[in-house]
Amino acid sequence: TGSCTSGICYVNGEQGILRYRGYDIEDLVENCDFVEVAYLLIKGELPNTAERRRYAELLNKESLLHHDMQSFFRSYPFKAHPMSVLAAMSVSLSAFYPEMGDIDPELQVDLAVTRLVSKVRTIIAFIYRHMKGEDFVNPSYKYSYCENFLNMMFKSSVIEYQINPLYVKALNQLLILHADHEQNCSTTAVRLIGSSDANLYASVSAGICALWGPKHGGANQAVIEMLELAHEQKWSAQDIVNKAKQKDSGFLLMGFGHRVYKTYDPRAKIAKRLCQEVLAESGETDPLLELAMELEEVAVNDSYFKERSLYPNVDFYTGLIFRRIGIPTNMFTCMFAMGRLPGWIAHWLEWNKDPYGKIGRPRQVYSGPYVRKVQNLNDR
Ligand code: ACO
């Protein structure tokens, strides 16, 4: 049954339709940038020019990270998984930016929302700099949301870094593709935690933890690892498909299958096109893209995959694009989190404003022993 009513995202898994607030994903990807789509999800309507400018200004103003928070990064091992740092840093924002009781609650929510959307981007870039043992690069008012992210990640004092406009476009589109997907595992976690009146930062941190799993947001990392392994081992597309069909192998074709889509994931189609465009720019061929395309061809025509309606999902091609942009594999899920943030926020707000407003409390079917008596320790 439906766990809630929601006016944010429409998914039709049989027909492969995805809409945010009534707009088709294709339309949004072609005609909007990520900031506009974030605004749409959070506020309900696309911004006009003045609203767009004000929102971008607020995002820039809120993009710096408290100086004391910056020292946290140094306490993490270089090899810590970026998602563990991201979850911890996100919940820490509530300590550094607590609610202010003396201002209008609506404004307070606006501030918390823009802080989160802006600072999570800064946090992800700082996680990367820390992993590399490099100094942090602060955001700059001169750049757009995605340009700023690329600059914070890759600017160097010893090698000239030019922001590639194609990567800016790709990043905008990828973030839009990830921005919402109704009641998936992480969004449900955010709504449930939020229903206890936990603050936005704490609720989003729970969403980040949920997203981390390889059956959810961790799949984009798993796809690249699978393709790299297959390339190293010289497995053909058919070898990989054969492995995935063996039930006892414990091997799944990562980036394939979806709980809701029983046809092509519409995001996978867009990601494939974008992937081809980004990889074509350099004029070099990418053996992993070639393998991925061959794999798709073999799998969608295989009776095992056909019978089970298993098609490429959003994660199948996105990792190849992130990889080309220069984002390391273990940070792919952080990129997913950055994109999904507006969706989580929109769902948190929707639940928060719901006049029903009760704490979430799923019921269970009990299957344990009915009643027992404790035996003395020596007799057990
Ligand atoms: N490779 C091989 N077989 C698969 C795959 C796969 N990727 N996915 C599902 N199957 C098989 C199952 O073994 C099962 O077979 P059976 O009927 O013989 O038992 C059948 O297809 C149905 O699978 P379920 O697990 O019931 O499908 P469900 O809808 O529960 O799972 C899921 C969906 C978790 C996405 C699954 O397809 C999977 O693990 N895919 C790989 C991981 C992945 O790409 N995750 C990203 C999802 S998209 C996202 O979160 C953004």
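Modeller: Start with helix H6 (residues 105-132) and helix H7 (residues 145-154), which pack at an angle of about 20° with axes 8 Å apart. Helices here are DSSP runs (H or I, at least four residues), numbered from the N terminus. Axes are lines fitted to C-alpha atoms over the stretch in contact, and angles run from 0 to 180 degrees between N-to-C directions. H6 and H7 are therefore roughly parallel to each other. Angles under 35 degrees count as roughly parallel, over 145 as roughly antiparallel, 65 to 115 as roughly perpendicular and the rest as oblique.

A word on the source: this is a predicted model, where local features need pLDDT of at least 70 and side-chain atom pairs count only at pLDDT 80 or more, while totals for chains, interfaces and linings use all residues. Residues are numbered from 1 along each chain as its sequence is written, and side-chain values use heavy atoms, with hydrogens and water left out.

Back to the pair. On the H6 side, the contact (heavy atoms within 4.5 Å) includes Val117, Arg121 and Phe126. On the H7 side, Tyr145, Phe149 and Met152 are among the residues taking part. The residues of this H6 and H7 contact split into 10 nonpolar, 3 polar and 2 charged. Here Ala, Val, Leu, Ile, Met, Phe, Trp, Tyr, Cys and Pro count as nonpolar, Asp, Glu, Lys and Arg as charged, and the others, Gly among them, as polar.

Now move to helix H11 (residues 219-232). Its axis and that of helix H16 (residues 315-325) come within 8 Å and cross at roughly 80°. H11 and H16 are therefore roughly perpendicular to each other. Val223 and Leu227 are among the H11 residues in this contact, and Phe316 and Leu320 are among those of H16. The contact of H11 with H16 has 7 nonpolar, 3 polar and 3 charged residues.

H11 also packs against helix H17 (residues 332-353), at an angle of about 150° with axes 7 Å apart. That makes H11 roughly antiparallel to H17. Their crossing is right-handed. Asn220, Gln221 and Ile224 of H11 meet Phe332, Thr333 and Phe336 of H17. This contact of H11 with H17 divides into 3 nonpolar, 3 polar and no charged residues.

Definitions and conventions
Helix = DSSP H or I, 4+ residues; strand = E, 2+ residues; numbered from the N terminus. Left-handed = near helix turned anticlockwise from the far one by under 90°.
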